[in-house]
Amino acid sequence: MKVHDLKGAPGSRTQPRRVGRGIAGKGGKTAGRGTKGQRARGKVPVGFEGGQMPLQRRIPKLRGFNNPFRVSYQPVNLDVIEASGLDEVTPETLYASGLVSKGALVKVLARGELTRPVTVRAHAYSEAARAALEAAGATIEVLPKPWGDRRPPARGNALTNR
C-alpha cells in the first residue's frame, strides 16, 4: 500500500453544495445568501459588527484577579521557635522578636526539631508540626481568625435571610 492508495472511509468526504449555478438549481440566484446587504455581496470578517467596536475589543483585558477570600499566613518553623528561646509563642511575641509582621496570621510548620515543651498559640498548624509539638510535650492553642465566619449566608427562605 502506498500513500496514493489511501482513501477516506465511505461517506466521510461529501461534496460541498454547488451554489450560484443558475435558478434551476437548489442554490440558484442568491445562492443561500438572502437578498441584498453586505453579507450577500462579499466577504465579512468573523466578529465584524458593521464598524461598531467589536465585542472582542470592548471587553477589558484583565490579567487574572485578586481573590478577596484568600487567607495568607506567615510561616513560623519549629527551628525558629527553638532558636527564639521563647516559652510562650504567640503572634505578639513573634512580632516583638521581629519574626512576623504586625497583625499577621501565623501558621506553624514542621521544619526543624523542638526539644523543649512550650506553649504555642497560632492561627494554623501543619499536621507534621502538630505531631512534632505534641511529641515535644508542647501546649497547642488555635487562635480564631480575626474576621470570624466569611461564608455566604445559607440559601433558603427569603424571610430567614433578612
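Of the contacts in the protein chain with a separation of 6 or more, 45% are between residues 24 or more positions apart, a contact being heavy atoms within 4.5 Å. This is a predicted model, in which local features need pLDDT of at least 70, side-chain atom pairs count only at pLDDT 80 or more, and totals for chains, interfaces and linings use all residues. Residues are numbered from 1 along each chain as its sequence is written, and side-chain values use heavy atoms, with hydrogens and water left out.

**Overall build**

- The protein chain holds five helices and six strands; helices (H or I, at least four residues) and strands (E, at least two) are DSSP runs, numbered from the N terminus.
- Starting at the N terminus, the order of elements is α-α-β-α-β-α-β-β-β-α-β.
- The radius of gyration is 35 Å, well over the 15 Å from the globule rule for 162 residues, so the protein chain is more spread out than a compact globule. The radius is taken over C-alpha atoms, and the globule rule is 2.2 Å times the number of residues to the power 0.38.
- Along the principal axes, the C-alpha atoms fill a box of roughly 95 × 60 × 35 Å.

**Surface and burial**

- Of the 162 residues in the protein chain, 20% are buried; buried means under 20% relative accessible area, exposed over 50%, and partly exposed in between (1.4 Å probe, protein chains only).
- The protein chain exposes about 13,300 Å², with 53% of it supplied by carbon and sulfur atoms. Accessible areas come from the Shrake-Rupley method with a 1.4 Å probe, and for residues only the protein chains shown count as cover.
- Met1, Val3 and Leu6 make a nonpolar surface patch of about 430 Å². Patches are made of residues with over 30% relative accessible area and no salt bridge, where like charges are joined within 9 Å and nonpolar side chains (Val, Leu, Ile, Met, Phe, Trp, Tyr) within 5 Å.
- Met1 sits in the segment before helix H1 (38-41) and is exposed, at 85% relative accessibility.

**Salt bridges**

- Side chains of opposite charge can pair when their charged atoms come close.
- The count is five salt bridges, each being a side-chain nitrogen of Lys or Arg within 4 Å of a carboxyl oxygen of Asp or Glu.
- One of them joins Arg58 to Glu49, with 3.1 Å between the closest N and O atoms. Arg58 is partly exposed at 42% relative accessible area, and Glu49 is partly exposed at 30%.
- Another joins Arg111 to Asp79, where the closest N and O atoms are 3.0 Å apart. Arg111 lies in the loop between strand S3 (105-109) and strand S4 (119-122), and Asp79 in helix H3 (residues 78-84), so the pair ties together parts 32 residues apart in sequence. Asp79 is partly exposed, at 28% relative accessibility.
- Arg121 also bridges to Glu88, with the closest N and O atoms 2.3 Å apart. Arg121 is in strand S4 and Glu88 in strand S2 (residues 88-89), so this pair ties together parts 33 residues apart in sequence.
- Arg121 is partly exposed at 24% relative accessibility, and Glu88 is partly exposed at 40% relative accessible area.
- Glu88, Arg121 and Glu141 are linked in a network of salt bridges.

**The S2-S4-S6 sheet**

- Three strands form an open sheet in the order S2-S4-S6, with parallel pairing. Its edge strands, S2 and strand S6 (139-142), each pair on one side only.
- S2 and S4 pair in the parallel sense over two bridges; two strands pair if DSSP finds at least two bridges between them.
- Within S4, Thr119 stands opposite Glu88.
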